[in-house]
Amino acid sequence: MAEHLASIFGTEKDRVNCPFYFKIGACRHGDRCSRLHNRPTISPTLLLSNMYQRPDMITPGVDAQGQPIDPRKIQEHFEDFYEDIFEELGKFGEIESLNVCDNLADHMIGNVYVQFREEDQAAAALQALQGRFYSGRPIIADFSPVTDFREATCRQFEENNCNRGGYCNFMHVKVIGRELRRKLFGRYRRYRGSRSRSRSASPRHRRDKEPRERSKDRDRDRDRDRDRDHRDRNGRRHERYDRDKDSGSRRKHGSPKRSRSPPPAREGSEERRARIEQWNREKEDKE
């Protein structure tokens, strides 16, 4: 019995729990629903109910004065709102997804769903949003049971063939431009990529070094490249220069070595006197 109840939980066959509240975190019957709305006490997802106020809310494509609105202006208005909300909620943690409903039914119109990477981040955001206002209207925030938006969104709407229109019971998620998505969510990809790479000095860090340190790095790199160029086929390293011990001059590698005779031994005083006497004797004989 328990396995059967677990298998039908949150589905149409479940006669106890509301499947719409379980899937999309909202129900058209509200508190009058005959099935239970199991409100989570903790969740990585927050629901900000009816937060987004589109400029053509009364009549699609027309403003409050009955004048037609350029669709590009409507998209700009939405993306300004989206970026504003993203930046504010991003202060509390990494945002996995931020979805805004385009539905027209009262229980879904303007609903904003934000899913954080961690539950404690969502809890911190929920606490900070209590009692706050946006555009003069109070923010109504609560934990949401939605964790998989694939089950909450309308597939027909994504394929542009939903025949229920704005009053569909599944999410019609408004789409932001590619550039804005790259700008907002791209920061997390860069951060994750930097953590996976080795801790080498960043270009900015190398650029901020003192000139003397930069010159030392260049000299070290140049010497390393020079030594690498002078490795032979066996991988043995040759010295580029051999130093002459006595003269201190340098000789290029590859030139033949000079044969030097060892210096004569130093004569003693007796040997020197005997040599002088021999020179004098030889001189007298010649005269």
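This is a predicted model: local features need pLDDT of at least 70, side-chain atom pairs count only at pLDDT 80 or more; totals for chains, interfaces and linings use all residues.
Me: How many salt bridges does the structure hold?
Reply: A pair counts when a Lys or Arg side-chain nitrogen sits within 4 Å of an Asp or Glu carboxyl oxygen. With that cut-off, the number the structure holds is 13.

Me: E83 pairs with K183, so which helices does that bridge tie together?
Reply: The closest N and O atoms of E83 and K183 are 2.6 Å apart, so the pair falls within the 4 Å cut-off. The two residues are 100 apart in sequence. E83 belongs to residues 71-89 and K183 to residues 178-196, so the bridge links helix 3 and helix 7.

Me: Is K183 buried, partly exposed or exposed?
Reply: Buried needs under 20% relative accessible area and exposed needs over 50%. K183 comes in at 46%, which means it's partly exposed.

Me: Which residue does E88 form a salt bridge with?
Reply: E88 lies in helix 3, and its partner is in the loop between helix 4 and strand 4, 44 residues away in sequence. The closest N and O atoms are 3.1 Å apart, and the residue is R132.

Me: What about K174, is it buried or exposed?
Reply: K174 lies in the loop between helix 6 and helix 7, and pairs with D102 at 3.5 Å between the closest N and O atoms. Its relative accessible area is 15%, and the cut-off for buried is under 20%, so K174 is buried.

Me: Which residues join K174 in one salt-bridge network?
Reply: D102 is one of them, since it forms a salt bridge with K174. Bridges that share partners bring in the rest, giving R54, D56 and D102.

Methods
Residues are numbered from 1 along each chain as its sequence is written. Side-chain values use heavy atoms; hydrogens and water are left out. Helices (H or I, at least four residues) and strands (E, at least two) are DSSP runs, numbered from the N terminus. Buried means under 20% relative accessible area, exposed over 50%, partly exposed in between (1.4 Å probe, protein chains only).
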